[in-house]
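Please open your viewer and keep the sequence panel beside it, so that each selection can be followed in both places.

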Amino acid sequence: MKLNVVLFEPEIPQNTGNIMRSCVGFHAKLHLIKPYGFELDEKHLRRARLDYFKYLEYEEYENMDDFLAKNKGKFYILTRYGHKSPGTIDFSEAKDEDVYLMFGKESTGIPYDFLHKRLDDCYRIPTTDKVRSLNLSNCVAIMLFLASNQIPDSELIGHEPDSLKGEFFIDNIKED
């Protein structure tokens, strides 16, 4: 079972860069469906993607049909039109299938006809009635966290990796 993030026609490079970083951190593959509202290059994504891009597993698609033809698994579509909370998802229902967390473009989301055909797979992150939606990169991070708690992945560790400051770094600091 592989965890995947799907962005349908992303428009804001900073969001996409932040999502790239989250995908690397949660060991998820990123799927990008064209067209984009920016160029997928160093200049447009430099600040948000930092030096994590070299670790990113990603694939680009010409359109939604191209993506659907090449990917099979269990889809969880995040939209403000969903009637269920992501907290109700049991990711183990995907069994041995790949899991796809699908998000629409910032301005208009995913096309209505696509959503209408898949209403049982649509979810909405609960918010107050004061906001239409949350920031896209925040939504992706929320969903990656929820999924990672249920999908075993040997690449994920529950503490800072030794390659950074070291396991249990703070435990070894001497008080003055």
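This tour goes from a helix to aromatic rings, then to charged side chains and cysteines.

Before you select anything, bear in mind that what you see is a predicted model.

Begin by selecting residues 13–25, which make up helix α1. How far apart are the end C-alpha atoms of this helix? They are 18 Å apart, and this agrees with expectation, because 13 residues at 1.5 Å a residue should span 18 Å. Now colour the buried residues of α1, which are P13, N15, T16, G17, I19, M20, S22 and C23. As you look along the helix, remember that an α-helix has 3.6 residues a turn, so residues three or four places apart point the same way. Just after α1, select H27, whose phi is positive, at about 55°.

Next, turn to the aromatic rings, of which a search of the whole structure finds nine pairs. Select F53 and Y58, whose rings form a tilted pair, with 5.5 Å from centre to centre and 45° between the planes. F53 is partly exposed because its relative accessible area is 22%, and Y58, with a relative accessible area of 31%, is partly exposed too.

Then select Y81 and Y112, an edge-to-face pair whose centres lie 5.6 Å apart and whose planes make an angle of 80°. Which parts of the chain does this pair link? Y81 belongs to the loop between β4 (74–78) and β5 (99–103), whereas Y112 is in helix α4 (residues 112–116), so that the pair joins distant parts of the chain, 31 residues apart. Is Y112 buried or exposed? At 56% relative accessibility Y112 counts as exposed, because the cut-off for that word is over 50%, while Y81, at 37%, counts as partly exposed.

For a group of rings, select Y61, F67, F75 and Y100 together, and you will see a cluster linked by ring pairs.

Now show the side chains of K74 and Y76, where the charged end of K74 sits over the ring of Y76, 5.4 Å from the ring centre. In the other example to select, R118 lies over the face of F114, at 3.7 Å from the centre of the ring.

Conventions
Residues are numbered from 1 along each chain as its sequence is written. This is a predicted model: local features need pLDDT of at least 70, side-chain atom pairs count only at pLDDT 80 or more; totals for chains, interfaces and linings use all residues. Side-chain values use heavy atoms; hydrogens and water are left out. Helices (H or I, at least four residues) and strands (E, at least two) are DSSP runs, numbered from the N terminus. The expected span of a helix is 1.5 Å times one less than its number of residues. Buried means under 20% relative accessible area, exposed over 50%, partly exposed in between (1.4 Å probe, protein chains only). Rings of Phe, Tyr and Trp (its six-membered ring) pair if their centres lie within 6.5 Å; planes under 30 degrees apart count as stacked, over 60 as edge-to-face and the rest as tilted. A charge sits over a ring if NZ of Lys or CZ of Arg is within 6 Å of the ring centre and within 35 degrees of the ring normal.
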